[in-house]
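Subject: Handing over the structure

Hi,

Here is the structure I promised to pass on to you. Please open it beside this email and follow along as you read.

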Amino acid sequence: MEIIDNMLRYNGDKKEVLPYIMELVRQSGAMKDGVIFNDVFGGSGVVSINMAKMFEHEDVNALVNYNEYDKCCYRVIESLKLTSPDVVMSDLEKLQAQFGPTKGNKDAFWAMRDFVNANHDRCPWLDIGIVRCAFSSTPRWNGSGGFNNSPGNRDWNPSDHWQTLYDTHCWLTSVCMSSHESMAFFDMNRTGNDVIDYLDPPYTITNANYMHGWSFEHDLKLIDMAENRALSGGKFIMSNVLAHRGKRNHILEDWIKNNPDLNVYYIDKKTYKIARLLDTDHGTVEVLITNIKGDLENVGRD
Ligand SMILES: C[S@@+](CC[C@H](N)C(=O)[O-])C[C@H]1O[C@@H](n2cnc3c(N)ncnc32)[C@H](O)[C@@H]1O
């Protein structure tokens, strides 16, 4: 199945890891009508959209829940669901025609940013355009919801993304959306052996712009929650980082060490190939941690 790209550029998006997440879900035993997939830290929405597509392709009647705590990010993704892609594309093309190209032209970028900030309550999808032209194509909003990243060194052509925009809109129409803090989301959403929680929280030892105060205490609470939900039959797949630039997440490492039943897959950040064991002394160590007994040996190998 072809993976749909994300419209909103998002650092930490899980597009590359999706084939592994999908295969774990296929092997989870929950791949039946009525299955619920919770994308609790939804971000760009790329996981929710592609899971909705996968369930439909495999003829499984499923409910996909996208949840995102960050109100600015949430309202962009929600607007892609609620607004005709023709309207979104036309506005993005007008934005680009009026202010682009911004590459090498900082004044054009600042003017575009002012325009987007003045209009995004009415048209949140305009943020997609400014993110593409911003530094490292990274979304960054201030406390009052204004986009506040600086100019980048890229330009873009909205019409290159027409198919992605159209697919995103279509698949989002079947996704349920909410904007809660993760623990509040769990309080409101039941678990059971037909429920799979995909957990992609901020990584405590990295320094993303969407941490919202995420700390080791949050990691502990999330682990506790995942374990409790597993006791009622729930499945979870967690994405996280065990080591980064000389720092290690000892909370996660201890959890793995003390729970031999957990399956841990190490992801090679360069090739996105997966291994059951990796030298954790160097670089960034990204993992999938799950209570699903899966075999990912042959995913992505022809
Ligand atoms: C690693 S990113 C998720 C990326 C996403 N999986 C994707 O593919 O685009 C983590 C997300 O968690 C959100 N977040 C931060 N604190 C949160 C909290 N307490 N509860 C729920 N979500 C939170 C952030 O805004 C961010 O979008």
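Glu253 and Arg248 form a salt bridge, and their closest N and O atoms are 2.9 Å apart. A salt bridge here is a side-chain nitrogen of Lys or Arg within 4 Å of a carboxyl oxygen of Asp or Glu. Before we go further, please keep in mind that this is a predicted model: local features need pLDDT of at least 70, side-chain atom pairs count only at pLDDT 80 or more, and totals for chains, interfaces and linings use all residues. Residues are numbered from 1 along each chain as its sequence is written, and side-chain values use heavy atoms, with hydrogens and water left out.

Back to that pair. Glu253 sits in helix H10, which covers residues 250–258. Helices (H or I, at least four residues) and strands (E, at least two) are DSSP runs, numbered from the N terminus. Is Glu253 buried or exposed? Glu253 has a relative accessible area of 17%, so it counts as buried. The cut-offs are under 20% relative accessible area for buried, over 50% for exposed, and partly exposed in between, with a 1.4 Å probe and protein chains only.

If we leave out residues up to four places away in sequence, Glu253 touches Leu242 and Arg248, where contact means heavy atoms within 4.5 Å.

How many salt bridges does the structure hold? There are eleven. One of them joins the side chains of Asp197 and Arg229, at 2.6 Å from N to O. This pair links distant parts of the chain: Asp197 is in strand E4 (residues 195–199) and Arg229 is in helix H9 (residues 216–231), 32 residues apart. Asp197 is buried at 3% relative accessibility, and Arg229 is buried at 6%.

Another salt bridge connects Asp5 with Arg9, whose closest N and O atoms are 3.7 Å apart. Asp5 is partly exposed, with 22% relative accessibility, and Arg9 is partly exposed with 22% as well. Salt bridges that share partners bring Asp5, Arg9 and Lys15 together in one network.

Now for the aromatic rings. The count comes to eleven aromatic pairs. Rings of Phe, Tyr and Trp (its six-membered ring) pair if their centres lie within 6.5 Å; planes under 30 degrees apart count as stacked, over 60 as edge-to-face and the rest as tilted. In the pair of Trp162 and Tyr166, the ring centres are 5.9 Å apart and the planes are at 35°, so this pair is tilted. Both residues lie in helix H7 (residues 162–172), four residues apart, about one turn of the helix. Trp162 is partly exposed at 30% relative accessible area, and Tyr166 is partly exposed at 36%.

Phe185 and Phe186 give you an edge-to-face pair, because their planes are at 80°, with ring centres 6.0 Å apart. Phe185 is buried, with a relative accessible area of 1%, and Phe186 is buried too, at 5%. Ring pairs also link Phe37, Phe55 and Tyr198 into a cluster.

What about the cysteines? A search of the whole structure finds zero disulfides, a disulfide being a pair of cysteine sulfur atoms within 2.5 Å. Cys123 is buried, at 6% relative accessibility. Cys170 is in no disulfide either, and its nearest cysteine sulfur, that of Cys176, is 17 Å away. Cys170 is partly exposed, at 29% relative accessibility.

Finally, a step back to the whole chain. The domain assignment gives domain 1 (18–69 + 180–290) and domain 2 (84–164); these bounds come from an automatic or database domain assignment. The C-alpha centres of domain 1 and domain 2 lie 30 Å apart.

Enjoy exploring!
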